[in-house]
Amino acid sequence: DGEIHYYKLAEMLDSEAVHLVVAEENGEILGCGYARIEDAEPFKKRSLHSYIGFLYLEAQHRGKGVMQVIMQHLKEWSVERGVLELVLEVYHDNHAAVRAYEKFGFEKKMILMRMSL
């Protein structure tokens, strides 16, 4: 109930630790995504990672390589800042997205399991 804001876009746009990419063609927004540099958990191999989020692509532009271009920009931005690991979350049954991320080089590492009571 009430107003919900999943992303704090104003804060993100002002942050040096966040890079937002918007793909557009002839003034039409095709898709978007961001990379946010975060501290990794202490037991991880690297101390920082870029969390990838806000990934969206208009349905009519899927399969054209647009998401790969967005992801490449986010990867390059991260590497330029010395961050050498990308992390993202995707629903296990979103098969098209999982395939796209695997095609880009992501690997499945863990499955979060839940039970509603």
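This is a predicted model: local features need pLDDT of at least 70, side-chain atom pairs count only at pLDDT 80 or more; totals for chains, interfaces and linings use all residues.
Residues are numbered from 1 along each chain as its sequence is written, local features need pLDDT of at least 70, side-chain atom pairs count only at pLDDT 80 or more, and totals for chains, interfaces and linings use all residues. Side-chain values use heavy atoms, with hydrogens and water left out.

Helices (H or I, at least four residues) and strands (E, at least two) are DSSP runs, numbered from the N terminus. Two strands are taken to pair if DSSP finds at least two bridges between them. On this basis the model contains an open sheet of 4 strands in the order 1-2-3-4, with mixed pairing. Strand 1 (18-25) and strand 4 stand at the edges with a single partner strand each, so one side of each has no neighbour in the sheet. From one strand to the next, the twist averages 25 degrees.

Strand 2 (residues 28-39) and strand 3 run antiparallel and are joined by 8 bridges. Within this pairing, Ile-37 has Ser-50 of strand 3 as its bridge partner, and Glu-38 stands opposite His-49 in strand 3. Helix 2 packs on the sheet and touches strand 1, strand 2, strand 3 and strand 4, where contact means heavy atoms within 4.5 Å. The direction of helix 2 makes about 30 degrees with that of strand 2; axes are lines fitted to C-alpha atoms, for helices over the stretch in contact, and angles run from 0 to 180 degrees between N-to-C directions.

Strand 3 and strand 4 (residues 86-88) pair in the parallel sense over 3 bridges, and Ser-50 stands opposite Leu-86 in strand 4. Together, strand 3, helix 2 and strand 4 make a right-handed β-α-β unit (with the strands pointing away from the viewer, the path from the first strand over the helix to the second runs clockwise).

The loop between strand 3 (48-57) and helix 2 (66-80) holds His-61. His-61 is buried, with a relative accessible area of 8% (buried means under 20%, exposed over 50% and partly exposed in between, with a 1.4 Å probe and protein chains only). Not counting residues up to four places away in sequence, His-61 touches Glu-28, Leu-30 and Val-66.

A search of the whole structure finds 3 aromatic pairs; rings of Phe, Tyr and Trp (its six-membered ring) pair if their centres lie within 6.5 Å, and planes under 30 degrees apart count as stacked, over 60 as edge-to-face and the rest as tilted. The rings of Tyr-101 and Phe-106 have centres 6.2 Å apart and planes at 65 degrees, so this pair is edge-to-face. Tyr-101 is buried at a relative accessible area of 12%, and Phe-106 is buried at 15%. Tyr-101, Phe-104 and Phe-106 form one aromatic cluster.
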